[in-house]
Amino acid sequence: MKYRIMKLINNIKDFFMNMKNLFKKFVIENKKLSIIIATIVFVMIIGMLVITNNKIEIGNTSGNLNNSGFSVEKDGWVYYVGLENSNTDGIYKIKSKSGNKEKITSDYGLYLNKSGKYIYYLDVTEGKYNIVKIQTNGENKEVVIENVDTAKITVIDNWIYYFKDFNFYRTKTNGEEKQILSKKSLDNYEINGDWIYYSYINDGKNVIAKMRKNGEDVTKIDNDSSSVFFVNSNYIYYIRESYNEENLEHNYELYKVKTKGDKKEKIANLGKNVQLENINFDGEKIYYLKTNENNV
């Protein structure tokens, strides 16, 4: 029995030695092909590492930003605009678990974005609308872009997306490499993956379209949709408003359409008195407000 085991072990050793010699002979006789194969394997490994580590940092959720971005949660902290006697009292941060609160700045900021060690926001304190960044400890405050429009700003992957003179721009978070992306009067936009999805009015109807984050490859998705929409995976969800002239009422319906523009489908009838300015989306559910018959 012991002899058989030793013989088996020796056979296995001989097998791997023969494989090693064959591989060595192949490499010597096919140097160029071996180099190509090694290069391909190296590139594949590097590509996998880049994909794994190239995590895009999003400053705030689209739903929060559509509601003026008064708060954002990141890394166990909630950053928010504080109120004192119905007046704004600056920007604070509070630890999610302990509840410890710290004041970051006395500025009145909108559209809060947290990226890296900075908070980015639209400073409306003195009636001058500037995009500002400040470290989360309240230090190193800096104006990035001056005199912008009072509209949503979004910070994603070291770029700030914003409006100025009714045009849609982006710039690096240090204020450099400014680019104009669209001269259309956009109602709303959301950045998802490599694309910017946006809405605008054309011939009295809401249009949803998309473009690359650098402004290229503009494509229409739907010609009769809504300015209120959210992107999740390969679908765009939007609330469509229609007017019944007989009843003099506005009705609201929830639709979805593929980001390619096909498979448009009505999901639900939401009825009337929906408050389009107070809608949020968490990736699974859409939250909205309705008023009663007395509009309260």
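Strand S6 (residues 118-123) and strand S7 (residues 130-135) run antiparallel and are joined by 6 bridges. Strands are DSSP runs of E with at least two residues, numbered from the N terminus, as helices are (H or I, at least four residues). Two strands pair if DSSP finds at least two bridges between them. The model is predicted: local features need pLDDT of at least 70, side-chain atom pairs count only at pLDDT 80 or more, and totals for chains, interfaces and linings use all residues. Residues are numbered from 1 along each chain as its sequence is written, and side-chain values use heavy atoms, with hydrogens and water left out.

**Sheet S5 to S8**

- Strands S5-S6-S7-S8, in that order, form an open sheet of 4 strands with antiparallel pairing.
- Strand S5 (109-115) and strand S8 (142-145) are the edge strands, and each pairs on one side only.
- From one strand to the next, the twist averages 30°. Axes here are lines fitted to C-alpha atoms, for helices over the stretch in contact, and angles run from 0 to 180 degrees between N-to-C directions.
- Ile 119 has Ile 134 in S7 as its bridge partner.

**Sheet S13 to S16**

- Another open sheet has 4 strands in the order S13-S14-S15-S16, and its pairing is antiparallel.
- Strand S13 (186-192) and strand S16 (219-222) each have a single partner strand, so one side of each is left without a neighbour in the sheet.
- Neighbouring strands of this sheet are turned by 30° against each other on average, direction ignored.
- S13 pairs with strand S14 (residues 195-202) in the antiparallel sense, over 6 bridges.
- Asn 188 stands opposite Ser 199 in S14.
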